[in-house]
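Grab a pencil and have the structure open beside you.

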Amino acid sequence: MVVAIATDVDLVRARAEGRAQAVALGFTRTDATLIATAISEIARNIIVHAGQGRIAIRGLQEPERHGLVVVAEDDGPGIRDVEAALQDGRSGRGGFGLGLPGARRLMDEFEVVSAQDAGTTVTMTKWRVRTRLELLHARRSPGG
Ligand SMILES: Nc1ncnc2c1ncn2[C@@H]1O[C@H](COP(=O)(O)OP(=O)(O)OP(=O)(O)O)[C@@H](O)[C@H]1O
Ligand SMILES: [Mg+2]
């Protein structure tokens, strides 16, 4: 599912979608909240730093684990120094500079692809190891 991001209403929608998909994938409520918080920060960055963009959220089913992947894209001004932007407290304009590093800590995998005038793509994933019980059920009903 792709959510267009331009306003706070869109941010709330993306956050809710991330939470709903996380719960559907079997993440704990705590993990669903952490994922929703990471999505909020990345959506906020699109609104504040790029103006508009989109966030795609989808589940990944692997034999041993389930994942939730978030891909946030915009065609904004881009980030000249991605390494610096990922450090705590490196805000370009008046923020706390905790959004990107905070989101990175909340997720298991985190990648930023950007360059000046090239837009920004943030791809982040959180994984959940499937329990023995789930694996047992899946083996009984293939595809599950
Ligand atoms: N989508 C984006 N487009 C352009 N620049 C971005 C984008 N996302 C982040 N940045 C740049 O990376 C810097 C760090 O982002 P981060 O979210 O960590 O901090 P912030 O948004 O400045 O402050 P905070 O999120 O703590 O309020 C930003 O100040 C901005 O310069
Ligand atoms: Mg931010």
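**Exercise 1.** Which residue of β5 does Val71 stand opposite?

*Solution.* Val71 faces Thr123 in β5. Keep in mind that this is a predicted model, where local features need pLDDT of at least 70, side-chain atom pairs count only at pLDDT 80 or more, and totals for chains, interfaces and linings use all residues. Residues are numbered from 1 along each chain as its sequence is written, while chains are lettered from A and ligands numbered from 1 in the order in which they are written. Next, zoom out to the strands (DSSP runs of E, at least two residues, numbered from the N terminus). β3 (residues 65-74) and β5 (residues 120-129) pair in the antiparallel sense over 10 bridges; strands pair if DSSP finds at least two bridges between them.

**Exercise 2.** Trace the partners of β2.

*Solution.* On to β1 (residues 2-5): 4 bridges join this strand to β2 (residues 53-61), and the two run antiparallel. Ala4 sits opposite Arg54 here. Now for β3: 9 bridges link β2 to β3, again antiparallel, with Gly59 opposite Leu68. A hairpin of 3 residues connects β2 to β3.

**Exercise 3.** How do α1 and α2 run relative to each other?

*Solution.* First get the angle: the axes of α1 (residues 8-24) and α2 (residues 29-50) come within 8 Å and cross at roughly 155°. Axes are lines fitted to C-alpha atoms, for helices over the stretch in contact, and angles run from 0 to 180 degrees between N-to-C directions. Helices are DSSP runs of H or I, at least four residues. Now compare with the cut-offs: under 35 degrees is roughly parallel, over 145 roughly antiparallel, 65 to 115 roughly perpendicular and the rest oblique. So α1 and α2 are roughly antiparallel.

**Exercise 4.** At what angle do α2 and α4 pack?

*Solution.* The angle between α2 and α4 (residues 99-106) is about 155°, with the axes 9 Å apart. That makes α2 and α4 roughly antiparallel.
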